[in-house]
Amino acid sequence: MSIPEDRLYSEEHLWVKKERGGRVYLGFSDFARRKYGEILDLELPEEGEEIERGEVFGSVETPRGVEELVAPVSGEVVEVNEEVLEDPELVSEDPYGDGWLLRVKLSDPEELEELMSADEYEDYLEEGFEELEEEEEELEFLSEEEE
């Protein structure tokens, strides 16, 4: 799984790439891309709208249903990637390149300190997998007892 070092990551599996002038790009991590599988549709805010860290700013539709997208940072949307709205598969094909979602002018650059580095995100994913495996083992054990 790819986790570029030049980005920060949220617990909701979005990446943030810093630019000059207090602007950032937002997109899905490789983990999110794999988790969602085929992306059928995306709903994103329009240019000029404000997004708020920790608040829902859009949604992603997959064959399994619709999931809300939670903003990793606060600020004004200065650009929406129209290409991913027309062809959501771009997210799956190139999540760290052409599949970016939004460009945002940060209202509070200090929020970036709340995000994870690539190494921290990798550890976060590993912890999540360990917890998932433990839950699966527990469920397996319970179903064996029921027999």
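## Exercises on a predicted model

The chain of this predicted model exposes about 8800 Å², and carbon and sulfur atoms supply 39% of that area.

**Exercise 1.** Work out how many helices and strands the chain has, and in what order they run.

*Solution.* Count the elements: there are 4 helices and 9 strands. Then read from the N terminus: β-β-β-α-β-β-β-β-β-α-α-β-α.

**Exercise 2.** Find how strand 1 and strand 2 are joined.

*Solution.* Locate the strands. Strand 1 covers residues 8–9 and strand 2 covers residues 14–18. The two run antiparallel and are joined by 2 bridges. Now check the turn. The hairpin has 4 residues between the strands, and His13 takes a positive phi near 70°.

**Exercise 3.** Follow strand 2 on to strand 3 and describe the pairing.

*Solution.* Strand 3 spans residues 23–28. Strand 2 pairs with strand 3 in the antiparallel sense, over 5 bridges. Within this pairing, Lys17 stands opposite Tyr25 of strand 3. This hairpin also has 4 residues between its strands, and here Gly21 takes a positive phi near 75°.

**Exercise 4.** Is Ser59 buried or exposed?

*Solution.* Take its relative accessible area, 14%. The cut-off for buried is under 20%. Ser59 is therefore buried. Next, list its contacts, leaving aside neighbours within four places in sequence. They include Asp41, Leu42 and Glu43, along with Val66, Glu67, Glu68 and Leu69.

**Exercise 5.** State what share of the chain is buried.

*Solution.* Of the 147 residues, 41% are buried.

Definitions and conventions. Residues numbered from 1 in each chain as written. Predicted model: local features only at pLDDT ≥ 70, side-chain atom pairs only at ≥ 80, totals over all residues. Heavy atoms only, no water. Buried < 20%, exposed > 50% of the residue type's maximum accessible area, 1.4 Å probe, protein only. Areas by Shrake-Rupley, 256 points an atom, 1.4 Å probe, with all protein chains shown as cover. Contact = heavy atoms within 4.5 Å. Pairing = 2+ DSSP bridges.
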